[in-house]
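Subject: Structure handover

Hello,

Here is the structure for you to look over.

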Amino acid sequence: MASVHESLYFNPMMTNGVVHANVFGIKDWVTPYKTALLVLISEMGRDGPYLSLLERRSLNRLLLLLLQGPDMTLSRLIKAIEECCSQLASLVQIRIKLMATGELKDMEQFFDDLSEAFSRPEPDVHKTSVVGLFLRQMILAYNKLSFSQVYKLYTALQQYYQEDLKKSGGEEAEMELAHGEGPDAKTEKEGFGGPLREEEISCNGPLSQKQAEYFLSQQASLLKNDETKALSPASLQKELNSLLKFNPDFAEAHYLSYLNSLRVQDVFSSTHSLLHYFDRLILTGAESKSNGDEGYGRSLRYAALNLAALHCRFGHYQQAELALREAIRIAQESNDHVCLQHCLSWLYILEQKKSDSCVLLEHSVKKAVHFGLPYLASLGIQSLVQQRAFAGKTASKLMDALKDSDLLHWKHSLSELIDISIAQKTAIWRLYGRSTMALQQAQMLLSMNSLEAVNVGVQQNNTESFAVVLCHLAELHAEQGYFAASSEILKHLRERFPPNSQHAQLWMLCDQKIQFDRAVNDGKYHVADSLVAGITALHSTEGVYRKAVVLKAQNQMSEAHRLLQKLLIHCQKTKVTETVIRVLLSIAKLHLRSLCHTTALPILLQALALSQEYHLQHLASETILNLAFSQLMLGIPEQALSILHLAIEPILAHGTVLDKGAAMFLMAKCQVASAASYTPQKKAEALESAILNLNEAKTYFANVDCKEQLRDVLYLQARLFHSLGKAQERNQCTMLFRQLNQELPVCEVPLINAFK
C-alpha cells in the first residue's frame, strides 16, 4: 500500500534548494479506503429514506470519525458500519466486492455516477458540508489522475479487498479451531469493539493534511490525559518519522516528537525536536503572516524560553539560566510583556533552587494579574501557598489564598488548575496532620467531572494531580490498617500510570514506603532492609532515613546515630523542616531505647517547638507521646498522664492506627504506674481501666500486624490479670505471648520499658 500512496503523492516543490513547508501536494488523494468511504456515502444517499433517525445519527457520527481518522482495514470498516446499521454494511460490502472482482470500467462508472449525483439540482449532500467537501476533493483528485494512476488505484482496490478476504478467512478458520474451547476463547479472539491497535493506527503511507493533523491532535490529547491509550514511545516515534519523511517541515510533528522524547527522558532527542519545531515555525512564515516581521522574533524568544524549561526539567539549571537570560533579552528588545511574565515565573523556579524567592513570586503574581494572565497568576498563587506551607503559616490563611485561586479557576474554566488546587489542599492537610480533611479532598477530586471535553475515547484524566491524590489515598488507607484497599489503589495506579510513564515514580515510592512500614511492623527487618535501595533510588533523603530506621530496629545504635546526624545536618541546610523533626524524633528514640531518658528530653523539646511553630500536628502529637514516656521512665507518671491528655484527642481523631495503639498502650502504663500509691479498691479500678485501654491498643496493633507491640501488650495484660487474681485471662494472655515471643527475636530492652 505504501508504494501506491507514493505513486499518487505529489512531492513538495523546491525553490532555491528550500523545501516549502506545509506542502502536502494534493490535500487529499484517492485510496482504496477512501473509495470504500465513498461507497458508504453513496449507499447512505440511496437508502437514506429507509434509515431510522437513530441509525442515521449513528452513521453521521461514525462518518465524521472515519473521515478524520487514518486508513483502516476493510473488515474493521464493515464491523464499524454493522454496529450502526447491519443492512447498510452488507450493501457496502457487496458494492466493494463487485468493483474489486469486476473490471476497471466498474470503478470508473462508480465515480461517474458519484459526480452526476453530486451535481444534481437537489443533491443528497450539501456542497459546503464536511461530507460534501470530502466528496468534492475526492472527485477532483480522481479526475486529476492519469490513466496509469487510475489503473494503480484499481489494482490497489483489488489488493485491499483480497487482503481482507484472506484475513477474514484465516480468522474464520481460527474460530472453527477455537469452537471447542468454549465461549471464553471466542471472546478473546474478538477484539473489534475495543480501541484501535497500534498496527491499525499506523500510517502506512503519507497521510493527507487533515489525517495528519487529526493523528497529531489525537496523540497529543492522549499524552496529556491518558498516556496508556497513546501509542508506545517507539511506535509513536516510528509514525512521526514516517510523517516527517514526506513532509520534513511539518512543525507540529516535531513538537509531538519533543513530547514523546520527554516520556522516555531522552535529553538529546527532545532538545533536537524542540529546536526543529521552532526552526520550522520561522521557515513556514506562519507567524510572520499573522504578526508581521515580529513573528520571527516571537519564535526566537519562545524557543529560548522553552529550551530553559526543558533544561530545568532535566535538572540542568546552569544551562536553563543561560537560555532564560537569552529569552529575557529578546523579549525586552521586543517589549513583549507576556513573554517576560513567563520568564519571571521560570526565574522564580530557578531562584527557588538557590534561596528564598518569596518577593519574586509575589511580584510575578501581581504582574500576571495586571497583564490578564489568569493561568500564570493562579500557578503563582499555588506556588506561594506551597512555599508558605513549608514556612509554617496557619492552614486557615493558606485555604483563604487557595479560595482566591479557585475563583480564578472557575471564572476562566481552568480545569487543570482546579485539579492541582485540590491535590494541593490534600497535601497541605496531610502535612498538617489532618488525615480526615485530606481524605475528604482526595475523594472530592476523584469524584469530580473534568470541565474539559473528553475526546478520542479518553475516559479519565491521567495527570500528575490524580497520581498525587491516589498516592495519598493509598497511604491513608495503609495508615489505618486497610492494606487490601491500599493494594487495590496501588494496582489501579499501576494500570493508570504504567512504569514507563512520567508520573510512575510517585506510586513506586508510595508502594515501597508502604511495604517498608509493613515489614518493620511485622518484624521482618531483612525485608525492610532490601526495600531501602529502591526507596533511595526514588528519593535519596527518604532512603537514608529509612536505612536509619532499620538499623535502629536491628539494635545497631551507633550506626543509626551516625547516619541520623549526617541526615540532620543535610536537612537543616536544605530547610526541610518536616524531615528535620522526624530525624530529631528518631535520635530521641535512640536515646530512649538506650535508657538515656534525660539526654532525650532536650531533643524532644526541640522537636516539639519546631512542630508547634510549623503547625505539624501529627509530629507534635508523636513528640508529646515520647515526652510522656520519658517522664514515665523518670518516675513522674502523674505528669506524664497529664501531658498525654493533650495529645490523645488529635491522635484518636487524625492519627495513624499505630499511633493510636501506642497512645492507648502508654496511657495504660501511666495508669498502672500511678496506681502504686492508691488504696486497694481504687488501685483495682485503675488496673481494670488500664486493661480496657490495653484491649483497645491490642486491636489497633493487630490491624497493622505490629507483632512486637502486641507481644508487649500481652505481657503487661498478663501481669495485670495476675495482680487482679484472674488466672484464666492471665493464662490466655500468657499463651498468646509465648506464641509471639517464639516468632520474634529476643528483645534486649526490658519489655515494660519498650515504647513504639
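Below is what turned up, starting with confidence and moving on to the aromatic rings.

This is a predicted model. Mean pLDDT for the protein is 81. Of the residues, 83% score at least 70. Two stretches need care. Residues 286-293 stay under 50 in pLDDT, and the model gives them ten contacts beyond four places in sequence. Residues 748-755 also stay under 50, with 23 such contacts. Where pLDDT is low, the predicted coordinates should not be read in detail.

Now the rings. The structure holds seven aromatic pairs. One of them joins Phe 110 and Phe 111, edge-to-face, with 5.5 Å centre to centre and 75 degrees between the planes. Phe 110 is buried, because its relative accessibility is 2% and the cut-off for buried is under 20%. Phe 111 is buried too, at 2%.

Tyr 255 is partly exposed at 28% relative accessible area, whereas Tyr 258 is buried at 7%. Ring pairs also tie these two tyrosines to Tyr 277 and Phe 278 in a cluster.

Which charged residues sit over rings? The charged end of Arg 582 sits over the Tyr 545 ring, 4.4 Å from its centre. Lys 682 lies over the face of Tyr 678, 4.9 Å from the ring centre.

Best wishes

Definitions and conventions: Residues are numbered from 1 along each chain as its sequence is written. This is a predicted model: local features need pLDDT of at least 70, side-chain atom pairs count only at pLDDT 80 or more; totals for chains, interfaces and linings use all residues. Side-chain values use heavy atoms; hydrogens and water are left out. pLDDT is the predictor's confidence in each residue, from 0 to 100. Contact means heavy atoms within 4.5 Å. Rings of Phe, Tyr and Trp (its six-membered ring) pair if their centres lie within 6.5 Å; planes under 30 degrees apart count as stacked, over 60 as edge-to-face and the rest as tilted. Buried means under 20% relative accessible area, exposed over 50%, partly exposed in between (1.4 Å probe, protein chains only). A charge sits over a ring if NZ of Lys or CZ of Arg is within 6 Å of the ring centre and within 35 degrees of the ring normal.
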